[in-house]
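Thanks for passing this one along.

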Amino acid sequence: MTIEATDRVTPLFNRLESGVRSYSRNFPKLFNKAVGATIYDAKGVPHTDFLAGCSSLNYGHNDPDMKRALLDYISQDGISQGLDMFTDAKAQFLTRFEALILKPRGMDYRVQFTGPTGANAVEAAMKLARKVTGRTNVIAFTNGFHGVTLGALAATGNSKHRGGGGIPLSGVTRVAFDGYFGPDINTADLLDQQLADPSSGIDAPAAIIVETVQGEGGLNAASATWLRQIEAIARAHGALFIVDDIQAGCGRTGGFFSFEGMGLSPDIVTLAKSISGMGLPMALTMIKPEHDIWTPAEHNGTFRGNNHAFVTARAALDKFWATDAFATEVAAKADVLADRLGRIAAAHGLHLRGRGMMLGVDAGSGESAAAVCAACFEQGLIIETSGSHGEVVKVLAPLTIKEAQFRNGLDTLEAAFAAVLGSRRIAAE
Ligand SMILES: Cc1ncc(COP(=O)(O)O)c(C=O)c1O
């Protein structure tokens with residue numbers, strides 16, 4: 001890669017920033033401006049963003065209406081940090097969340113504002129399930145990713161992340177996700193059998209936590225039938241059913257929630273990433289009222305009151321979720337994506353992974369996927385990998401991306417696959 005801006009700034013980051021940084025290794029440029037689906041580097045070179053802050057920028061960068069709402073709020077000296085006190089910004093967010101998201105879907109939940117990361121929402125969900133049931137064990141799935149704080153990390157499958165924990169990760173039993181053993185084995189049946197057997201070695205669970213589409217774990221999409229069965233198993237065995245919608249929610253897979261239309265009724269839902277609309281830190285744990293047995297401050301955190309995020313979150317709900325128009329638009333883009341990625345997969349004998357605007361191509365190996373992403377970056381497209389071996393090239397474009405830019409980005413991706421896999425085939429022949 002020849003990147004002049006990098007040559008200037010890399011020594012600074014190498015010297016002062018921890019080696020834990022990761023995205024900047026794949027995209028080693030200095031970025032300083034972003035609008036919609038475009039990120040500009042310090043030289044003003046535009047890059048199309050197919051990463052979208054790992055789905056925390058579903059509505060693109062600097063949406064003008066959210067930006068205006070935030071600027072107005074700040075210029076009126078609106079409260080920025082409110083702990084968990086009542087504020088107008090929080091009241092407005094809750095009012096709109098109830099009117100535009102919960103009520104139309106017939107959902108009855110209380111909203112817990114947790115510390116502002118997804119992991120914190122997951123910690124709250126797992127702690128609450130343990131408190132409600134008086135049990136400790138949580139069932140999580142192969143390739144699941146729920147964050148890297150110790151409680152959430154125990155539910156996360158990835159061995160590299162788990163290794164960073166530094167202590168034994170306990171309180172979680174891992175079982176196979178939908179399709180883990182291939183199409184002929186129903187892993188929900190296996191779980192049911194294990195939970196029904198007092199000698200299976202799996203302790204009675206407090207909760208079953210699941211992503212409907214595993215975002216970090218390789219875009220494995222569970223079927224609605226399997227998810228319904230998992231929920232039924234949770235109910236039958238006295239466990240709470242938790243859907244972690246941190247990456248697949250907020251429109252990424254079509255509806256506001258990833259499980260809409262599936263006939264599911266989770267006890268707890270976690271949301272973060274795009275809930276604030278504009279990339280500001282904010283996370284929620286949605287709790288069925290009968291399970292909201294927290295006592296005051298039992299789970300807390302200083303930054304539960306990011307009122308700037310409440311302002312942009314409210315603006316996002318009003319702009320994108322007051323009618324069905326946005327979800328319809330996202331569904332149309334998802335069709336384009338499936339068509340174009342399907343073409344790439346067919347050309348190279350590969351497979352698609354995922355659902356909705358959370359779709360990718362299994363490049364066959366982490367090495368190939370990384371080479372495809374690197375080739376894309378050289379052409380000004382930012383895109384990342386996912387999966388146990390980083391083998392899936394994962395498209396997470398902003399849902400608001402304009403069609404022409406979307407198609408151009410997909411052209412770049414197609415060319416990168418051809419350059420990498422075409423040339424490898426030739427090399428192999
Ligand atoms: C499904 C899921 N849950 C939890 C998390 C953790 O969120 P955060 O990185 O904000 O802690 C992520 C992050 O990628 C995620 O994809």
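1. Let me begin with Glu 231, which is buried, as its relative accessible area is 10%. Its side chain forms a salt bridge with that of Arg 235, at 3.1 Å from N to O. Keep in mind that we are looking at a predicted model. Both residues belong to helix 10 (residues 224–236), and because they are four residues apart there, about one helical turn separates them. Arg 235 itself is partly exposed, with a relative accessible area of 37%.

2. Asp 267 counts as buried, with a relative accessibility of 5%.

3. Another salt bridge worth a look joins the side chains of Lys 319 and Asp 65, at 2.6 Å from N to O. This pair links distant parts of the chain: Lys 319 is in helix 11 (residues 307–320) and Asp 65 is in helix 4 (residues 64–75), 254 residues apart. Are these two residues buried or partly exposed? Lys 319 is partly exposed at 38% relative accessibility, and Asp 65 is partly exposed too, with a relative accessible area of 42%.

4. Stepping back, how many salt bridges does a search of the whole structure find? The count is 19. Some residues are joined in a network of salt bridges, namely Arg 340, Arg 343, Asp 411 and Glu 414.

5. Now the ligand. The residues around it include Thr 117, Gly 118, Ala 119, Phe 145, His 146 and Gly 147. Also in this set are Glu 211, Asp 244, Ile 246, Gln 247 and Lys 273. Sorted by class, the shell has three nonpolar, five polar and three charged residues.

6. A polar backbone atom of Ala 119 is 2.8 Å from a ligand oxygen, and a polar backbone atom of Phe 145 is 3.4 Å from a ligand nitrogen. On the side-chain side, a polar atom of Lys 273 lies 2.9 Å from an oxygen atom of the ligand. The ligand taken alone exposes 390 Å², and the protein buries 82% of that.

7. Last, the overall fold. The protein chain has 14 helices and 17 strands. Its radius of gyration is 22 Å, close to the 22 Å from the globule rule for 429 residues, so the chain is as compact as a globular protein of that length. The C-alpha trace spans about 60 × 55 × 45 Å along its principal axes. Of the 429 residues in the protein chain, 51% are buried.

Note on methods:
Residues are numbered from 1 along each chain as its sequence is written. This is a predicted model: local features need pLDDT of at least 70, side-chain atom pairs count only at pLDDT 80 or more; totals for chains, interfaces and linings use all residues. Side-chain values use heavy atoms; hydrogens and water are left out. A residue is near a molecule or strand if one of its heavy atoms lies within 4 Å of it. A polar contact is a pair of N or O atoms within 3.5 Å; within protein, one must be able to donate a hydrogen and the other to accept it, and residues adjacent in sequence count only if both atoms are side-chain atoms. Accessible areas come from the Shrake-Rupley method with a 1.4 Å probe; for residues, only the protein chains shown count as cover. Ala, Val, Leu, Ile, Met, Phe, Trp, Tyr, Cys and Pro count as nonpolar, Asp, Glu, Lys and Arg as charged, and the others, Gly among them, as polar. A salt bridge is a side-chain nitrogen of Lys or Arg within 4 Å of a carboxyl oxygen of Asp or Glu. Helices (H or I, at least four residues) and strands (E, at least two) are DSSP runs, numbered from the N terminus. Buried means under 20% relative accessible area, exposed over 50%, partly exposed in between (1.4 Å probe, protein chains only). The radius of gyration is taken over C-alpha atoms; the globule rule is 2.2 Å times the number of residues to the power 0.38.
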